[in-house]
Every structure is written in structure tokens, then in C-alpha cells.
Amino acid sequence: MGILSDLLKKAPQSVKDKYKMKIREKAIERVKEKIIKHNKTIDDYSDDEMQDLIASEEGGLNEDVKKGILTALLVAAGIEIVAGG
Amino acid sequence: MIKKLNSFIGFILASKLMMWAVPDSKRFIKGIVITAAVILLTMYFHSEYLGWAEISGKIGFVSTSYILKNIIILVSLIFLYFYIRKPTKKIYPKVEGEEKIYTKNNNEDYFDKFRNKDKLKTKAEQILEKDDKD
């Protein structure tokens, strides 16, 4: 999480807020999908449990973003090397 | 060739990033593109008209054409201003079969309390917080 949190610290507040909102919304979407998949309803979960589910998904998404950034950087560097050589 | 491909990929990634970071950018870009097209077309047709007027010698409406051209440009810019400023209603993305998870007590608004929270805590963090309070 180090790279991503460092990147977020340097970014302007509006960008940080938008990033958080986007991640939160995606996490909620994933939680909804999970609940649908297991044929449950919202009432089957307490607020704390739901919070835990969304928070876990958020963590997973942040990891995915981190991996995505690293992959993009590596691909860009690879193309640069191929183009240069 | 590879450099061109690289810059093309870079352009696509940058536009994707922009769309992702600023969801309203789609609307912004659409407005800008349409306005630019209208202005460019107006300028093109006006220059065509000027060329035709010069060749044919019919210069009676030249001054009117300038006024019309500038009015069209001004109106399109005003439209763009209001188009960009108009707030869009926040619509959250729907998941297929989402309605099944809602009950009489809870509907779509249920998730708003989690949307509005600054930081969500996992089960472990909640337990740790409880332990700290004890």
C-alpha cells in the first residue's frame, strides 16, 4: 500500500476524494454481487458486517490498482526499451 | 512505428485515466467537441460565402454574414457554458439482479451510510477499536 498511499498524499484533495468515492462505489458493487451470488438479502447482515465486507473489498481494489499501475509502468518501460533499441 | 504506437497507447491510457478520475469529463469533452465543430463549420461556411461573394460580386450581405457568424459563435459558447455548468443527477451503477437483495426495511439508500463514511473498518479493526475502548 506504500506506493499508492504516497501517491495519494501528494495528489490534490479533490482527486483524492474522487478516487476514494470511485473505489468505495466499486467495492459496494462487488459486495452487492456477492450478496446476490449467495442468495442473501441486506437484512442478513448487520451494519458492522456490511462495513467489514465493503472495507475488505476496498482493500482488494486498492491492491488491484497498485498492481495495475505497476503493470502499466512496466509495459511503458518495455515499449520504451523496444522503441529505443 | 513503435513510437507512434507508444504515443497512441499513452493517449488512450491518459484519456481512460481522465474519464476515471473525472467521471464528468465525458460530458465536458462532448460539449467542447460539439461547440468546436459548430464554430469550425460556421467559420468554414462563412469563408466559403465570402469567396463566393467576391467572385460573384454580390456583396450585399457580407456585413450581415459577419454579424450572423459572430452571433452563432457567441450562442454556441453560451450553450457550452450552461451545458457544462448544469449539474447532473448522481446515479449509482446498478448490479444485475440487485433488487433481490433489498427488503421492505432496506432499499438502495441503505448503502448511502457507507458511501458517506470517511473510512470503513474491517472486522479486525472494529475489534481492535472495541479493545482500545475497554
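Of the 134 residues in chain B, buried residues make up 2%. The model described here is predicted.

**Chain B**
- Chain B contains five helices and zero strands.
- Read from the N terminus on, the order of elements in chain B is α-α-α-α-α.

**Contact between the chains**
- Chain A contributes 26 residues to the contact, and chain B contributes 27 residues.
- On the side of chain A that touches chain B, the elements giving two or more residues are α2 (13-37) and α3 (47-84) of chain A.
- The most is given by α3(A), which supplies twelve residues to that side of chain A.
- Sorted by class, the side of chain A that touches chain B holds twelve nonpolar residues, three polar residues and eleven charged residues.

**Residue A:N39**
- A:N39 is found in the loop between α2 and α3 of chain A; these two helices are also the elements that give two or more residues to the side of chain A that touches chain B.
- The phi of A:N39 is positive, at about 50°, although A:N39 is not a glycine.
- A:N39 counts as exposed because 9 other C-beta atoms lie within 10 Å, and a residue with 12 or fewer is classed as exposed.

Methods. Residues are numbered from 1 along each chain as its sequence is written. Chains are lettered from A and ligands numbered from 1 in the order in which they are written. This is a predicted model: local features need pLDDT of at least 70, side-chain atom pairs count only at pLDDT 80 or more; totals for chains, interfaces and linings use all residues. Two residues are in contact if their C-beta atoms, placed from the backbone, lie within 7 Å. Helices (H or I, at least four residues) and strands (E, at least two) are DSSP runs, numbered from the N terminus. Ala, Val, Leu, Ile, Met, Phe, Trp, Tyr, Cys and Pro count as nonpolar, Asp, Glu, Lys and Arg as charged, and the others, Gly among them, as polar. A residue is buried if 20 or more other C-beta atoms lie within 10 Å of its own, exposed if 12 or fewer, and partly exposed in between; C-beta atoms are placed from the backbone.
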